[in-house]
Amino acid sequence: MIIRSVGRNDPCPCGSGKKYKHCHGRPQPPAEVLYIHPAKQDVDFYATMQAQRDTQLGRPYGLIPLGVPALVNTLRAAGIEVQGVNFPLERELDRAFDLRQWLRRQTRARVILIDLHWYEHSYGALSVANVCKAVLPHARVILGGLTASGFAREILELFPTVDFIVRGDAEQPLLTLVQRYLDAADTAALALTDVPNLSYRRDGAVVENPIGYCATTADLDRLDYVDLSFMEHHAEYLVHEYLVTDLAKARAALKTNPYLGRWIATARGCKYECSYCGGCKSAHQTLAARDGLVPRSPEVVVNELERLSTNGVIQASLSYDVAELGDTYWRTLFSLMRQRQIKIGLYNECFQLPSPQFVKRFAQVADLEHSCLAFSPLSGNERVRRLNGKIFTNGELLNILDALNQYGIFALIYFSLNLPGETPETLRESIALAEQICQLYPPSRLRILNSCHTLDPLSPMAVYPEKYAISVTMRNFDDWYTYCRETQMGGAASRTEMHRGFVLQDPAARTLEAMADAWDAARQGHEECWWPIPPGW
């Protein structure tokens, strides 16, 4: 990792508003509240495996959930000090990093926050919880996130090292819980029945308070998603949130500015029911009692873009497709960026297809050297695409890519090898579509990816498998916990049906390994822009 020399009086890129000399690299005093982002792997995995150099290590998934800065900054705004660490990042920066030693230095810690948002952290998050309890037995461990919300009762029944789980939207419940716990003279007699969204144990039995808090636009507008100064090595972390479109350009940018990327929130919820997505509309209804979509105001989003740009961050990734928030929304957003002369790279994942007018305005306001529009045709077969939630044709996709090409916008194209309906026959259509895109688009501004999905908890595939002609093999938290434990390393099995959580009802309809080989063979001559099937989960 290349980190340039930063002036002591430069603004710190973490978004705190402080100068670099007052923020980055300073030893933090022990705090009463800790935050730890887990790896996919358990705490001792790297120490055990690093000597085996021929082992293909799995991805650690070091990106922290988008909402964590907002949660932590809500606590900090109330006067609660929080100190955070990204465990996989610390291991990347220093293979000798020891989480237990770090915890022993936190002499004032009384509360430990661990995210369990994506199912890929199911094993690693509980490993961190176990270590925290072993080192700091008096501290209370709190989990949150989509996966923790969906399996709160089961986690509390199976893992005594977890004390609380905040389900759904957590800002108000977490603040109430932490304030009450830190202020209590007798924590054993703590009153918790009125804390919304909270799951906990009382007299050995799991109690789940009703979902009583679901954030509104006004709530979301008050949150601070930018300030990362509570995290150790927050400047180094910004490298990890940059969505790479051009590897050479990214490496060149690192030589002069390491503060590459940040995700910021544009909305919560969703209005779609894509087959594979555990963050779909119905999942949000189940987990957070949210009906549809709750946007943040474009003015607040632009304020955060301005803070990031001022602090030297060169790309902002938007959490919800702003084209899907409506013409008025994105026109206001882009107009405000132009009025304030904010020039920053934008990464936007298009849930369907944007209009040509959106593409034109995007090109006018974004720093195109560090911008990208991403699309998910999933399959070259339009019937398979519609089944899985994308409702545009191949011709419409090629037309909008032609519009992107006119403005020199990077395009990222996602296919999926193993979604319901995709077979060797439809894969040939996917390969044909990828080849058409390669002929249309300059390879230096194009990336085509294909990968295998693992079943998302509460995705339509998991809830209604009969609709998709699949058989589901993962249903309980222990299934995802086991999946993560058994896929800590990469390898050839990632190109098969193994550990994916579902299979077609007709297992003879496809062989994923042969399909993966066919995809990789087809990229011959297009290696610059057409990526192979990844070798891990």
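Q: How many of the ten residues of helix α3 (residues 68-77) are buried?
A: This is a predicted model, in which local features need pLDDT of at least 70, side-chain atom pairs count only at pLDDT 80 or more, and totals for chains, interfaces and linings use all residues. Residues are numbered from 1 along each chain as its sequence is written, and side-chain values use heavy atoms, leaving out hydrogens and water. Helices (H or I, at least four residues) and strands (E, at least two) are DSSP runs numbered from the N terminus, while buried means under 20% relative accessible area, exposed over 50% and partly exposed in between (1.4 Å probe, protein chains only). Helix α3 is mostly covered, and its number of buried residues is seven.

Q: Which elements do the buried residues of α3 pack against?
A: Let's start with who is buried: V68, P69, A70, V72, N73, T74 and L75. Packing here rests on contact, which means heavy atoms within 4.5 Å. The partners of these buried residues are β1 (33-37), β2 (82-86), β3 (111-115), α9 (171-183) and β8 (261-264).

Q: Which residue just after α3 takes a positive phi?
A: Most residues other than glycine have a negative phi. Just after α3, a positive phi of about 90° belongs to G79.

Q: Is L378, with its positive phi, buried or exposed?
A: L378 is a residue other than glycine, yet its phi is near 70°. Its place is in strand β13 (residues 372-378). With a relative accessible area of 5%, L378 is buried.

Q: In which loop does H499 lie?
A: H499 is also a residue other than glycine with a positive phi, near 65°. At 23% relative accessibility, H499 counts as partly exposed. Its place is the loop between α21 (477-486) and β17 (502-504).

Q: Which helices do the buried residues of α21 pack against?
A: The buried residues in α21 are F477, W480, Y481, T482, Y483 and C484. Their packing partners are α6, α7 (146-150) and α8 (152-158).

Q: Which residues does L404 contact, leaving aside its neighbours within four places in sequence?
A: L404 is one of the members of the largest core that touch the most others. Beyond its sequence neighbours, the contacts of L404 are V359, L373, F375, I409, F410, A411 and Y441.

Q: How far apart in space are G62 and E90, C-alpha to C-alpha?
A: G62 sits in the loop between α2 (45-49) and α3, and at 18% relative accessibility it counts as buried. Beyond neighbours within four places in sequence, G62 contacts H37, N86, P88 and Y237. G62 and E90 are 28 residues apart in sequence, and in space, C-alpha to C-alpha, their separation is 9.7 Å.

Q: Which residues does G278 touch, not counting those up to four places away in sequence?
A: G278 lies in the loop between β9 (267-269) and α13 (281-288). It is buried, with a relative accessible area of 8%. The residues that G278 touches are L146, A283, D456, P457, L458 and S459.

Q: What is the relative accessible area of E208?
A: E208 is in strand β7 (residues 205-208). Leaving aside neighbours within four places in sequence, E208 contacts A152, R153, R167, L198 and S199. E208 counts as partly exposed, and its relative accessible area is 33%.

Q: What is the radius of gyration of the chain?
A: The chain has 22 helices and 17 strands. The radius of gyration is taken over C-alpha atoms, and the globule rule is 2.2 Å times the number of residues to the power 0.38. For 537 residues that rule gives 24 Å, and the value for the chain is close to this, so the chain is as compact as a globular protein of that length, with a radius of gyration of 23 Å.

Technical notes
A nonpolar core is a set of buried Ala, Val, Leu, Ile, Met, Phe, Trp, Tyr and Cys residues joined through side-chain atoms within 4.5 Å.
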